[in-house]
Each structure stands twice: as structure tokens, then as C-alpha cells.
Amino acid sequence: MNKQSILLISHGLFEKDFLEKIATEVAREFLLAVNIEESHIDMSEFYDPNRRQYDGNKLLIEIDSMPSSEIVKKVGLFRVDLFIPILTYIFGQAAFKGSTGIASLYRLRNEQYGMKKDDTLLLNRFAKVVIHELGHTFGLIHCHIPTCVMRSSTYVEDIDQKDIHFCLRCQTELKRKQMERKKYYKGK
Amino acid sequence: MTTKISILIVDDEESVRDSLYNWFIDDGYLVDRAENAKQALSILESKNFDIILADIKMPGMDGMELHRRIRSLNKDSIVIIMTAFASVATAVQALKDGAYDYITKPFDPDDLSHLIRNAASQISLKSENEALRNKVVSLENVEDIIGNSQAMIKVLKEVEKVAQSNSPVIITGESGTGKELIAKAIHSNSPRKYFPLVSVHCGALTESLLESELFGHEKGAFTGAMFNRKGRFEMADGGTIFLDEIATISAKMQVELLRVLESKTFVRVGGNKEITSDFRVICATNKDLKKMVENGTFREDLFYRLNVVNIIVPPLRERIEDIPILVNYFINKYCTSMSRDIIAIDPGVLKRLGEYDYQGNVRELENMIERAIVIGNDKEIRLKDLPIEKNIISNSIESLDDLEKKHVLQILNRYNWNISRTAKALKVDRVTLYNKIKKYGLEPSK
């Protein structure tokens, strides 16, 4: 592979159709090819019995260590509850200007909040988290524009408040960073 | 953020330092790390930080002692103490000694976010106060509000003035005029800008949905509710709540809303703890609320509580001079998002766009341009790419008098029945225009 692309690595049971829809949304926002891969890792290694959650930092390192071309951005997709030592939970996280991110749909499901199951909303929320984390890997920081997908979200309701798209400013910044990256790898 | 806020993290645990570092970097802060108090003091000798986040328990010098040393250095930094449950009592002592706040590990992401935003807001208020002494405030984050017509400048001046206050605002205007953008501009330029702007589209919510949506619910409030759910009022704490289509809410909801607006307190569904939220309210409507009060369909007390400031967003026909700049903005916006080269527009087409009567205002113009880019030839926008010629064709069987009558009335309405401006636009003198008005029996619409 000699072109920039994005790889979604799913862990746990995800419907093919669901993943394809996420990939379509991601491809539209980044204008890059998006591939999907299934992976089986022993999740027990990442489970913290005290927190009864899975360690997001360790999972990020695990995904990062998976072999791939350096010009591919990877996002691990999970269904389990993620935490990092300092925070009670996370929806996802990414290496800033790095190659890897992770995202979980565990806390995005309406059912967790006693609401009616809503697959369309779940897809929309998950796609926003994945796009947001990928945005960080491209060097985008949190945006103050309330509707921008790069707006920080600490509650699931915050995710619903924003759009699935980048604001014009973040979009321009993303294009600039993608061009810089392209030039860098061409020069290598 | 205009100036970046700097944060120093002091913690002996690498994972904590790294996690916080990543969290703040994502937020756009300038971040530095120190693994103990000694190293922190050495960094502080050469650099100043707006916020210092220090762990209370560290080998050697602890967070309390570090805080005292920072104070003795006369540093202006805000110090936040990080603590485990066991050391909360010590953290309280730190507060008494002048620390800004403390936070218990592991943090709820929302609490951390809130704490840092509060601190950032205090810092920015301080620097803004200094800056205000020397210069007039200029609006930030208003890139999406396009136009330099007198009508829009007037609106932006009102936004600038009202943004600094806490007063409720009602934004009125026809559909598609950009009322939500005005609400965003008020929020982004207010001291509340570091906190959320929470939008509620009242028209889209049924009465039964509204309670949980606005007030939230507690974990276990009903079967399956595994986590707490924040309501919109709670989410807007420190920030602004934007209630769009306020005229559509039911009589029962009007009472509820009035109560919350007056007390700023509410209880989550399934909870018994009274929650206080400090929010500013901005509403929008395309209806005449005063008329609704007269008809008895909108509560008078609620109207007066909301209607402290009223901003009227003009329809596009009252700011036609903004059309070229709007068209260019939309071309740029959609060509960028579709990854196409920026295309041109013929001056003749631009002129036709200026003559069109936009019932849907700026939104209609935006949709027109987006459509023209999608179906066009990738080089320029042509007249045939725009759905505006059809109007002329469909009217072609009307008599000349009928056409003249319609056209004169349309231009009169566009200029708000200003005779001089209408006559100038029609390229006739005022007397001729008065004669036409008389001849066709034209009257301003009520």
C-alpha cells in the first residue's frame, strides 16, 4: 500500500453492515480509502478487575503495535467499557499526531441510559467518536465550534449536540495537515 | 481561544502525567510535565504557567508544600490539587491555604473538563479586562455570519453588546435567516464561551420526551438506566441554552420552563437532589410572540422573562447587497467540502441571483449554490444550474400590467416600502412610483 489510508480494526461482534456504514462516514470526512479488518485479541489481558473496565492506554499500545504501513491510520473498535487511569471512563482516545486511535460503543448505546434502543443514533454517535479520534491523529485539537465533530464530548448527550462533520476551519486545517503528510512521505 | 492557556502537570506517576498531557494537548493547551515538586519548582524558575495541577502525595516534597512554595514565589498561577479519596481532608486544607480547587482521582471526564474550563474562564476574564481598557471588543468565531450590509452590521453590533451581559435574548426572524448562527455568535463572544452551548429544538420534541431531555435522569430511574443521564439544563451549566422554535412549546411546558428559568434549579427524573445550573437562555422564533401573548397561546410572564433583549435578524430581501459575498462564501464552502477546485460565477448570473425573491432566505440561497455545484460543469455556475428561471417562464402568460404590478410590489416589499430606494431600484422617479402604487392599488402587507 503506498497511499494514505485508514484501517478500522474491529474487536468483538460487530455487524458487517454497521462497520461498512462507519467506514463510509469516515471515508467521506477524510477523503481517504477506509479498510476494515477483524482482529481477535485476548481482552482478559486488558481487563482491570478493580475498575471492572478495560485499560484504554494498554489497548492503544496494542493496536499501535499491530503491523501496518506507517502511512496508515489505525482505529481499534471495541464494544467494552474503556478507562484510562486518571479518568472514570472514555469514549475513545488517540495518539495526537500519531497513527492510532481507539473507540468504544459501550457507553454510546441508548440502552445504557434506560432509553429505547436506537441503532441509527448509535451508528451516528460511534461514527462521530471514530472521526473525532482520527482527527486527533491528524493533529487536530478540540474545537470550540459547538457543532464541529472535533468539539470535546464528555457525556453522550454532548456527542448528540455536534454534527458528524468538521467545521470549515477544522476541515481546512485537516487538508493542510494531510498535504504536509503527503509531502513528508513523498520526500522519504 | 486567542491566547493559549499553559498547564503544568506535577505527578510522580508516569501514566497519570501522560494521560493528562494527552487530554490537555487535545484541548489545545500548552502543556508541560514534572515528575516531582523539585522539578516543578525548577521549571517554574524560568517559565510561568496559568494552571498548575499537582498531586497531593509525592515522594519528597508533597503537593501541599509545593503549593506553599509557589505562593511564596508570588506566582499568579491557579493551583489545583489532585487527590485520592483518602486524602480529601488534606486537600480541603489546601483550599483553605489558597488552592483554587481539588479533584479526586480517578476523575469524571466531565468534572475535569468543567474544572479546567472554570479556571480558563477566570484567567481569560482577567486578561480580557485588561485588554478591554485599551480597545473595543471585536467579535470572534463569527466566520459563518456573512455580510457587510448595514442591516447585518447593526445585528452584529447588537450581538457584541448583548454578548457581554447575562440577559435572556429572543432572536426573531423569518425561517432561514440564520437565527441559530446569531445565538452561536452571542455565546462564542460571551464570558461563557468556554462552557457548552446546548441547543434544544423545541419543535422536534414531544411533551413526554421533553422532561427527561431537559432535566435528565438518575442511574436506576427506570429499568435499564445503568448510568446517569444529564439533561440539557445541566449540560448548559456555566454556558448557554439555546431554545429554538420556542413558540411551539405546550402550555404545560411553558409553566415548567418559567419555573426553571426563575429558580435555575430542577430535579433529575428518579432523583431527589435539587440541581442548580447556571445557564444563560437564548430563544429563537419565526413567530410574533407578542401576538401569541395577546391571543393567549403564549404565557405573558414567560414572554417578559425571555424578552429582555430582542434581536431581529433581517430577511435576505433587506440585505441584497450581501448576496455576492454570500454566494462566494457558499461556493468556497461547498467546493472545499466536495474537494473540488473553486468554481467561478458569471456576473450576469450573480445579478439574477440578486433579483430573485428568496422565500427561504439565506438557507434557500445556500441550497441553490450547493445544488448548482453538484449538477454544474465544475467550471462555473450557469443560469441553467439555478432553479430561478422557471419563475419567469411560469408567469409568462400573465398580462404586462399584471407583471408590472407584481414586480413593483416585490421591489417595494424588498425595500420595506421605502419609496426613494424602491424608485432608485426600479430606475423611475418617485412621482412615477406613486402613480404606479395608485394605479394598482398597492398596499404594504400587514
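A372(B) is buried, with 26 other C-beta atoms within 10 Å; a residue counts as buried at 20 or more other C-beta atoms within 10 Å of its own, as exposed at 12 or fewer, and as partly exposed in between, with C-beta atoms placed from the backbone. This is a predicted model, where local features need pLDDT of at least 70 and side-chain atom pairs count only at pLDDT 80 or more, while totals for chains, interfaces and linings use all residues. Residues are numbered from 1 along each chain as its sequence is written, and chains are lettered from A and ligands numbered from 1 in the order in which they are written. Let's start with that alanine and then look around.

- A372(B) sits in helix α15 of chain B; helices (H or I, at least four residues) and strands (E, at least two) are DSSP runs, numbered from the N terminus.
- Setting aside neighbours within four places in sequence, A372(B) is in contact with I381(B), D385(B) and L386(B); two residues are in contact if their C-beta atoms, placed from the backbone, lie within 7 Å.
- I331(B) is 41 residues from A372(B) along the chain, and their C-alpha atoms are separated by 9.4 Å.
- Where is Y358(B) found? Y358(B) lies in the loop between α14 (347-355) and α15 (361-375) of chain B.
- Y358(B) counts as buried because it has 20 C-beta neighbours inside 10 Å.
- Not counting residues up to four places away in sequence, Y358(B) touches L316(B), R317(B), E364(B) and L365(B).
- Along the chain, Y358(B) and G176(B) are 182 residues apart, yet 9.7 Å separates their C-alpha atoms.

**Chain B as a whole**

- Chain B holds 19 helices and 16 strands.
- Of its 446 residues, 34% count as buried.
- Take the contacts in chain B between residues at least 6 apart in sequence: 68% of them join residues at least 24 apart.

**The nonpolar cores**

- A nonpolar core is a set of buried Ala, Val, Leu, Ile, Met, Phe, Trp, Tyr and Cys residues joined through C-beta atoms within 7 Å.
- The largest such core has 128 residues, and the members that touch the most others are V130(A), I7(B), V10(B), L53(B) and I81(B).
- This core draws at least three residues from each of domain 1 (2-137) and domain 2 (150-312) of chain B, with domain bounds that come from an automatic or database domain assignment.
- Apart from this core lies another, of 17 residues, including I323(B), I331(B), V349(B) and I369(B).
- Which residues does I7(B) touch, not counting residues up to four places away in sequence? They are F24(B), Y29(B), V31(B), F49(B), D50(B), I51(B) and L53(B).

**Helices that cross**

- In chain A, the axes of helix α1 (residues 16-30) and helix α3 (residues 119-137) come within 10 Å and cross at roughly 45°; axes are lines fitted to C-alpha atoms, for helices over the stretch in contact, and angles run from 0 to 180 degrees between N-to-C directions.
- That makes α1(A) oblique to α3(A); angles under 35 degrees count as roughly parallel, over 145 as roughly antiparallel, 65 to 115 as roughly perpendicular and the rest as oblique.
- The crossing of α1(A) and α3(A) is right-handed; a crossing is right-handed if the near helix is turned clockwise from the far one by less than a right angle, and left-handed if anticlockwise.
- Residues of α1(A), among them F18(A), I22(A) and F30(A), meet residues of α3(A) that include L123(A), V130(A) and L134(A).
- In chain B, helix α6 (residues 150-163) and helix α7 (residues 179-188) pack at an angle of about 40°, with their axes 8 Å apart.
- α6(B) and α7(B) are therefore oblique to each other.
- The contact is made by V155(B), V159(B), V162(B) and A163(B) of α6(B) and by I182(B), A185(B) and I186(B) of α7(B).

**Where the chains meet**

- The contact takes 30 residues from chain A and 40 residues from chain B.
- On chain A, β7 (87-90), α4 (156-161) and α5 (168-187) each supply at least two residues of the side that touches chain B.
- β7(A) gives the largest share of that side, four residues.

**Backbone details**

- Most residues other than glycine have a negative phi, and most peptide bonds are trans.
- The peptide bond from K105(B) to P106(B) is cis, with omega near -15°.
- E245(B), in the loop between β10 (240-244) and α10 (251-263) of chain B, has a positive phi, near 55°.
- K264(B) also has a phi near 55°, and K264(B) is partly exposed, with 14 other C-beta atoms within 10 Å.
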